[in-house]
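The following paragraphs lead the reader through one residue's surroundings and then through the interface between two chains. Please keep the sequence and the model in view while reading.

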Amino acid sequence: MLVGSGDAVAAGPAPSSPVSLTVNGRPRTVTVDNRTSLLDLLREHFGLTGSKKGCNAGACGACTVLVDGRRVNSCLTLAVRLEGAEVTTIEGLADGDQLHPLQQAFIDEDAFQCGYCTPGQIVSGVGCIREGHTGSPEEIREWMSGNICRCGCYVKIVRAVQQTAGRK
Amino acid sequence: MHPFSYTRVSDTGEALDAGHRGGRYIAGGTTLVDLMRETVERPEVLVDISGLPLDEVTVTERGGLRIGALVTMAEAAAHPKVRTLYPIISQALELSASAQLRNMATIGGNVMQRTRCTYFRDVTADCNKRASGSGCAAREGFNRTHAILGASDHCVATHPSDVAVAFAALDARVRLTGPDGERQVPFADFLLRPGNTPQREQSLRKGELITAVEIPAHPRPLTSGYLKVRDRQSYEFALTSAAIALHIRGGVIREAKVAAGGVGTVPWKLPAVERHLVGERPSAPLWAAAAERAAVGARPLKHNRFKVELLKRTVERQLRIVGGTK
């Protein structure tokens with residue numbers, strides 16, 4: 001499979017490279033236009049549209065995924081650099097029909113309105129809990145500040161992260 | 001984004017070869033990829049150095065600290081040696097960017113990051129840093145966040161890093177390797193003021209690679225801290241900031257290391273403040289008098305006059321916090 005970058009292509013074929021990575025436990029090998037972001041690879045070519053494109057500049061956090069267990073902005077990650085990497089997206093958090101505890105907490109706490117930032121919030125929250133930065137609402141707010149919510153659901157987002165961390 | 005070819009290197013020699021042939025090094029990529037998308041950066045060849053063995057934090061023989069260029073901001077901030085020996089570095093790092101970006105961005109890349117000047121990032125605007133000789137739209141434009149210190153007629157953009165301010169205060173050195181071997185450059189000489197050549201931002205030779213940032217040993221006890229003032233509480237660049245380290249023994253300040261961020265075209269050392277502190281006993285009037293010297297030489301622009309007073313107050317407040325006198 002040859003994967004384009006979504007950019008206007010200049011004259012002639014743009015340089016591309018093969019890359020093998022694992023996405024939500026499934027091994028994938030693709031040839032990507034070098035300019036392709038991980039976010040575009042996920043959304044446009046793997047059909048994993050849970051990760052959202054907000055700013056496409058690393059400023060909003062809607063595209064947050066885990067790479068080798070660490071939360072990153074997939075919009076600023078070049079797919080070509082991910083040889084051997086393990087990527088987890090929002091689609092990979094649930095265990096079959098069993099939602100991830102943080103996904104369930106977002107529902108229980110009513111921690112979203114429009115939902116656009118929610119996949120990024122949840123994946124980032126999973127990272128935040130793993131990193132152990134959930135000691136207080138203040139700490140959660142600081143360590144979740146890379147995820148913007150235009151609906152302003154912060155109070156409930158913080159509550160969902162705090163409750164999930166407390167259940168661990 | 002312009003097309004580019006991509007190569008991954010596994011040792012420093014390979015990297016230097018590729019760099020010498022004009023390849024552009026990429027580590028965390030958080031600045032570079034962003035600016036490539038805006039076509040501000042248009043490298044033809046990206047050299048991925050993330051596999052190089054430059055990812056360790058070590059204590060030097062003399063008790064200083066060496067942070068490998070590829071240590072991520074998150075790893076450096078969390079490292080026990082950094083937290084114990086130079087907590088000011090952890091503090092500056094954790095007040096920077098977001099958790100996601102700190103997981104990606106590296107120490108070497110942090111120092112190399114480019115300005116957040118909106119005119120630099122907008123390819124339709126005049127910018128001498130991006131397009132030499134085109135002019136500076138910021139000088140007469142919306143320049144609220146721009147520099148009050150170290151600017152020239154050609155450029156008024158600030159250096160955006162927080163940790164670089166701590167590095168400057170602590171007299172860090174940048175370790176480099178290149179085609180002609182290894183060398184060290186004092187941090188204060190590594191980042192360049194714009195002068196007549198704002199497009200030239202570091203004293204790097206062609207193909208040179210940062211291998212580490214090294215902080216020399218400082219006399220102990222050392223109390224230190226980083227204060228950042230910004231438009232929102234988190235995930236924002238500094239309007240002003242102050243990195244301060246004090247060595248106080250027998251009730252007297254023996255050494256003072258002070259630098260400011262958000263105000264200069266490079267991390268701004270404040271030697272006049274340092275001189276006023278050394279040999280004195282901590283007191284509220286001392287902090288005020290020293291901080292009064294923080295903005296020496298400031299030349300504010302139309303929209304950033306507030307930074308002159310804000311800088312003095314930032315330094316005074318941080319002296320009070322670090323120095324421990326109310």
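B:H247 touches B:P219, B:R220, B:P221, B:L222, B:V252, B:I253, B:R254 and B:E255, leaving aside residues up to four places away in sequence; contact means heavy atoms within 4.5 Å. This histidine lies in strand β10 of chain B, residues 240-249, strands being DSSP runs of E of at least two residues and helices runs of H or I of at least four, numbered from the N terminus. B:H247 is buried, with a relative accessible area of 5% (buried is under 20%, 1.4 Å probe, protein chains only).

The model is predicted, so local features need pLDDT of at least 70 and side-chain atom pairs pLDDT 80 or more, whereas totals for chains, interfaces and linings use all residues. Residues are numbered from 1 along each chain as written, chains are lettered from A and ligands numbered from 1 in the order written, and side-chain values use heavy atoms, without hydrogens and water.

Between the chains, 34 residues of chain A are in contact with 31 residues of chain B. The buried area is about 2,600 Å², 52% of it from carbon and sulfur atoms; this is the accessible area (1.4 Å probe) lost when the two parts are put together, summed over both. In chain A, A:R35, A:L76 and A:R81 lose the most area to chain B, together 26% of what that side buries.

The interface has 1 salt bridge, a side-chain nitrogen of Lys or Arg within 4 Å of a carboxyl oxygen of Asp or Glu. The side chains of A:R81 and B:D48 form this bridge, at 2.9 Å from N to O.

Key: Buried < 20%, exposed > 50% of the residue type's maximum accessible area, 1.4 Å probe, protein only.
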